[in-house]
Structure formats: C-alpha cells, structure tokens
Amino acid sequence: GAKNPSLGSGSGIYVSREQADSRRVVNRNAVLDVLHAYGVQKYVLEELTFDEQVRLFQNAEWIIGPTGAGLINMIYATSARVVTLFGSVVNACYPMLADGLGFPNGILQCEKRGLDLWVDPDELTEVMERINPP
C-alpha cells in the first residue's frame with residue numbers, strides 16, 4: 001500500500017507553500033522527485049496543529065522549503081540539515097538560524113516566476129549532497 005509518513009517518523013520535511021499566495025514552487029513534482037530520494041516528504045503545515053508541527057520537526061533529518069514562517073519550526077529539531085529556497089531576495093535570517101542551531105545548511109537561489117519560484121532540480125541535488133555527511 002501507499003506509505004503514509006507518520007508524524008515524527010524522523011525523515012525529511014518539505015515545507016510546501018501550496019496554500020500560500022506567494023513563494024510556491026511551480027515545478028513541485030520535479031522537486032519532490034529529488035526529495036523523495038532523500039526520504040523527504042511534503043507537508044502542508046496549514047493542515048497540521050501546532051503540536052503536530054512541533055512533533056514533526058523534532059525528529060526531522062532534512063528541512064527544506066521556500067522562505068516563510070514554516071521554516072522557523074527548525075527550532076524544534078535536534079539535528080537537521082536545512083535547505084532554504086530563495087527567490088530574488090536572500091533573507092539571511094533562515095541560514096543564520098540554522099547556523100545558530102548548529103545545523104548544516106545550504107541556500108538555493110531560484111528563478112522567480114511572478115510571485116512564485118522555479119527550482120532547478122540539479123542544483124537542489126548539488127546543495128543537498130554538499131551538506132549531507134557520509
């Protein structure tokens with residue numbers, strides 16, 4: 001049957017902004033193809049309670065997503081690798097927060113598509129490989 005990732009399963013989190021009005025990833029399926037190879041699943045945080053979000057992030061090994069409040073949940077993680085997807089403006093607060101928490105992290109500058117983003121799947125793989133310890 002289809003695997004339904006349980007909350008707190010301790011793999012990876014892709015913070016989807018599909019219900020937001022900006023910074024959505026327009027080529028989401030290509031991005032998810034890359035992420036699934038690393039055990040990263042998509043989550044729409046608006047569909048989870050606060051407690052569920054905390055539990056989800058506590059065991060996260062990967063936290064990946066466009067800039068937005070959802071990424072701040074990295075403060076609940078114990079040892080995650082963080083990849084922040086940026087549009088035209090790089091907001092340093094997310095990598096600085098990851099650095100302060102001692103998490104390996106990378107940023108990926110994406111192409112702006114109106115208010116949304118197009119992510120290069122090859123560049124995403126490169127960033128993930130660079131911060132993924134053997």
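Helix 3, residues 93-100, buries Tyr94, Pro95 and Ala98. Viewed down the axis of helix 3, these buried residues fall within an arc of 95°, so they line one face of the helix. The model is predicted.

**Helix 3**

- An α-helix has 3.6 residues a turn, so residues three or four places apart point the same way.
- Met96, Asp99 and Gly100 are exposed, and they sit on the face of helix 3 turned away from its buried side.
- The cover over the buried residues of helix 3 includes strand 4 (81-86) and strand 5 (105-109).
- After helix 3 comes Gly102, which has a positive phi, near 80°.

**Nonpolar surface patch**

- Ile72 belongs to the loop between strand 3 (62-66) and strand 4.
- The relative accessibility of Ile72 is 35%, so Ile72 counts as partly exposed.

**Nonpolar cores**

- The largest nonpolar core has 20 residues, of which Tyr14, Leu35, Val83, Leu85, Leu124 and Met128 touch the most other members.
- Two or more residues of this core come from each of helix 1 (28-36), strand 3, strand 4 and helix 4 (121-131).
- Leaving aside residues up to four places away in sequence, Tyr14 touches residues including Val25, Val31, Leu32, Leu35 and Val40. Also among the contacts of Tyr14 are Gln41, Lys42, Tyr43, Ile64, Gly65, Pro66 and Leu85.
- Another core, of 17 residues, lies apart from the largest one; Val15, Leu45, Ile63 and Leu71 are among its members.

- Glu18 pairs with Arg28 in a salt bridge whose closest N and O atoms are 3.6 Å apart. This pair links distant parts of the chain, with Glu18 in the loop between strand 1 (12-15) and helix 1, and Arg28 in helix 1, 10 residues apart.
- Glu18 has a relative accessible area of 30%, so Glu18 is partly exposed. Arg28 is likewise partly exposed, with a relative accessible area of 30%.
- Glu18 also forms a salt bridge with Lys42, where the closest N and O atoms are 3.1 Å apart. Here the link runs from the loop between strand 1 and helix 1, which holds Glu18, to strand 2 (residues 40-43), which holds Lys42, and the two are 24 residues apart.
- Lys42 counts as partly exposed because its relative accessibility is 33%.
- Together, Glu18, Arg28 and Lys42 are linked in a network of salt bridges.

**Salt bridges: Asp116 and Arg24**

- In the salt bridge between Asp116 and Arg24, the closest N and O atoms are 2.9 Å apart.
- The pair links distant parts of the chain: Asp116 is in strand 7 (residues 116-118) and Arg24 is in the loop between strand 1 and helix 1, 92 residues apart.
- Asp116, at 11% relative accessibility, counts as buried, whereas Arg24 is partly exposed, with a relative accessible area of 29%.

Key: Residues are numbered from 1 along each chain as its sequence is written. This is a predicted model: local features need pLDDT of at least 70, side-chain atom pairs count only at pLDDT 80 or more; totals for chains, interfaces and linings use all residues. Side-chain values use heavy atoms; hydrogens and water are left out. Buried means under 20% relative accessible area, exposed over 50%, partly exposed in between (1.4 Å probe, protein chains only). Helices (H or I, at least four residues) and strands (E, at least two) are DSSP runs, numbered from the N terminus. The arc is that of the directions from the helix axis to the C-beta atoms. Contact means heavy atoms within 4.5 Å. A nonpolar core is a set of buried Ala, Val, Leu, Ile, Met, Phe, Trp, Tyr and Cys residues joined through side-chain atoms within 4.5 Å. A salt bridge is a side-chain nitrogen of Lys or Arg within 4 Å of a carboxyl oxygen of Asp or Glu.
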